[in-house]
Amino acid sequence: PGCGRTRLTRFRPRMGEAPDQSNDETRGMQMMKEHYSQGDGEMDDLRDMPSGGVLWKASLVLLDYLERKQADTLKGKRVLELGSGLGHMAVELYRLGAHVVCTEQVAMGALQRLQTTVAEAPNHSAAGGSISAMELEWGEAGWTASTGVAAAAGAGGFDIVVMSELVFDESVHEELLWTLEKSLSPQGTAFSVFLNRPFSMMFFVNLSDAGGFEVKSVAGEDIDMLGMLTTDLHMHIITRV
């Protein structure tokens, strides 16, 4: 079951004060995250969306963390989001001034939904960033086929890689690890979030065995669960060593 309904309130400026559009946008995004992370009659970890596709709620928790703790470092950075789903993460990072390449598979209309989200996103180019949606299958073959992602990575790779709820399927760990190793720049940082399920932690065992990476857990006091009931959410920061 979900956490009940969320009451939304409208931001109002003080008397005699002009509305601050950036503050209003931030408040609106916060209300969206709180609203979609909760709900009645649904699983605590995901929500089936009316437009199709699934919203993985842990992605909202990671988005909230990036906005609160990493916003200053995102501006101007080249960001690759793996498994972007509905695209809400990518659009918000673009609003914060990042150059975002969000990716999905063609299967089950995932890429088409993502492309629609990007096409309909507000124009935030004044913040200095950009956004594009591209097909990407994980692994060497998929990387080679996705010339757009490879071109965006360039010789140096992406500054930031974002991974939300990608490690629940053990069968894709090898391809996901290959893609992370290929895409992350030598000085880059990857952010991962997931709810613990059977075999999820095996990805980080494989990451450790591969060598060349340092993994740090994000402290619980730095994470806002946005009303989600679960206590088994894990967020990690991954860097090269």
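**Which residues in α2 meet which residues in α4?**
Ser-59, Leu-60, Leu-62, Leu-63, Leu-66 and Glu-67 of α2 meet His-88, Met-89, Glu-92, Leu-93 and Arg-95 of α4 (contact means heavy atoms within 4.5 Å). By class, that's six nonpolar, two polar and three charged residues. This is a predicted model, where local features need pLDDT of at least 70 and side-chain atom pairs count only at pLDDT 80 or more, while totals for chains, interfaces and linings use all residues. Residues are numbered from 1 along each chain as its sequence is written, and side-chain values use heavy atoms, with hydrogens and water left out.

**How α2 and α4 line up.**
Helix α2 (residues 58-69) packs against helix α4 (residues 88-95) at about 10°, with the axes 10 Å apart. The two helices are therefore roughly parallel to each other (angles under 35 degrees count as such).

Lys-69 pairs with Asp-222, with 3.7 Å between the closest N and O atoms. A salt bridge here is a side-chain nitrogen of Lys or Arg within 4 Å of a carboxyl oxygen of Asp or Glu. Searching the whole structure turns up four salt bridges.

Notes: Axes are lines fitted to C-alpha atoms, for helices over the stretch in contact, and angles run from 0 to 180 degrees between N-to-C directions. Helices (H or I, at least four residues) and strands (E, at least two) are DSSP runs, numbered from the N terminus. Angles under 35 degrees count as roughly parallel, over 145 as roughly antiparallel, 65 to 115 as roughly perpendicular and the rest as oblique. Ala, Val, Leu, Ile, Met, Phe, Trp, Tyr, Cys and Pro count as nonpolar, Asp, Glu, Lys and Arg as charged, and the others, Gly among them, as polar.
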